[in-house]
Amino acid sequence: MSYFSSSTFSFVSYVLVLCMLLGMQINTTSAQLNTNFYGTSCPNALSTIRTAVRSIVLNDRRMGASILRLHFHDCFVNGCDASVLLDDVTGFTGEKNAGPNANSLRGFNVIDTIKSQLETLCPRTVSCADILTVAARDSVVALGGRSWNVPLGRRDSRTASANAANNNLPGPGSSLSGLVTSFGNKGFTPKEMVILSGAHTIGLSRCLHFRNRIHTETNIDTAFANSLKGICPLSGGSNNLAPFDSSTTVFDNTYFRDLTNRRGLLHSDQVLFNGGSTDAQVRIYSNDNPTFLADFAVAMVKMGNLSPLTGSNGEIRTNCRRRN
């Protein structure tokens, strides 16, 4: 007699077929993104975004890091759907004032400016989610990083989740295991986590986030810690800023070289090189800038494909700050 009864076999078959269909649906959703999505509907979309980003970033180089971070904080919360751009209004709480985002994220005005230009050029055509994804790529390129082809066709979410923003985004005090788990929950390998952490080769952080590291941790270069204590004392100055690495306006592998010298700014930076499983990967990138830039481009394509809304899901917002 068979181990499965006929009814059990039918149920198992149903489950297997359902799983296959779900898998096909997921793959189909990803396949709906393509690099020439606006080739006919808005052929100048990418050049418009590139020109705007380059002008803004070259005028304020810190903005490049801000746009890249804005993209990351969007994608890690329910996918790359521009939910992070929504303002709070009566009856609706968005993600901007969640713990990791409040008084921290920048670049909203840049996306607004680009959206306004594209609405004039191609009304109700280019999503805020695609604008943010392309602007992140163009920010990296403007600061010396490698370009990559961005699959397009995302649509904008009508919802947002402050709770998911509070729970899904890894914090500056994260342990290595915590980072591996956070990124693993989004489908990234530990190697890809190290690669994407390399985004900290540009930008600044507030004293609030590195105070404990420079005053109490031992896995830190003494001269480096002392150089920061003037702008980040034990009390006060929480909003004072310091660069993530020693070439803060150039997108390169300096971040990894600094980690090997115990000069990581955040605790969550230095844990990548602290006698653990990711030390070897950090060492590779510290010695090989072209490989880091190439791997970063590949990892960013994967991040940009996190749970996009496509087809008839979501909407194309006319104003990135509010639902239509």
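Helices and strands are taken here as DSSP runs, numbered from the N terminus. In this predicted model, the largest pocket has a volume of about 880 Å³. Its lining comprises 38 residues, of which Arg 69, His 73, His 200, Phe 244 and Leu 266 lie nearest the centre of the pocket. Two or more lining residues come from each of helices H3 (62-75), H7 (176-184), H8 (190-197), H12 (267-270) and H14 (289-304), and from strand E1 (204-206). Helix H3 gives the most to this lining, with 7 residues. By class, the lining of the largest pocket consists of 21 nonpolar, 12 polar and 5 charged residues.

Side chains of opposite charge can pair when their charged atoms come close. The structure holds 11 salt bridges. One of them joins Lys 115 to Glu 119, with 2.9 Å between the closest N and O atoms. Both residues belong to helix H4 (residues 108-121), where they are 4 residues apart, about one turn of the helix. Lys 115 counts as buried at 2% relative accessibility, and Glu 119 is likewise buried, at 16%.

A further salt bridge links Arg 213 and Glu 217 (2.9 Å, N to O); Arg 213 is buried, with a relative accessible area of 2%. Arg 263 pairs with Asp 221, the closest N and O atoms being 3.1 Å apart. Because Arg 263 lies in the loop between H11 (254-260) and H12, and Asp 221 in the loop between H9 (207-216) and H10 (222-229), this pair ties together parts that are 42 residues apart in sequence. Arg 263 is partly exposed, at 32% relative accessibility, whereas Asp 221 is buried, at 19%.

Methods. Residues are numbered from 1 along each chain as its sequence is written. This is a predicted model: local features need pLDDT of at least 70, side-chain atom pairs count only at pLDDT 80 or more; totals for chains, interfaces and linings use all residues. Side-chain values use heavy atoms; hydrogens and water are left out. On a 1 Å grid over the protein atoms alone, a cavity is a set of points where a 1.4 Å probe fits but cannot get out, and a pocket is an open set with protein on both sides within 12 Å along at least five of seven lines; lining residues have an atom within 4 Å of a point. Grid points are joined across faces, edges and corners, and a volume is the space filled by probe spheres set on the points. Ala, Val, Leu, Ile, Met, Phe, Trp, Tyr, Cys and Pro count as nonpolar, Asp, Glu, Lys and Arg as charged, and the others, Gly among them, as polar. A salt bridge is a side-chain nitrogen of Lys or Arg within 4 Å of a carboxyl oxygen of Asp or Glu. Buried means under 20% relative accessible area, exposed over 50%, partly exposed in between (1.4 Å probe, protein chains only).
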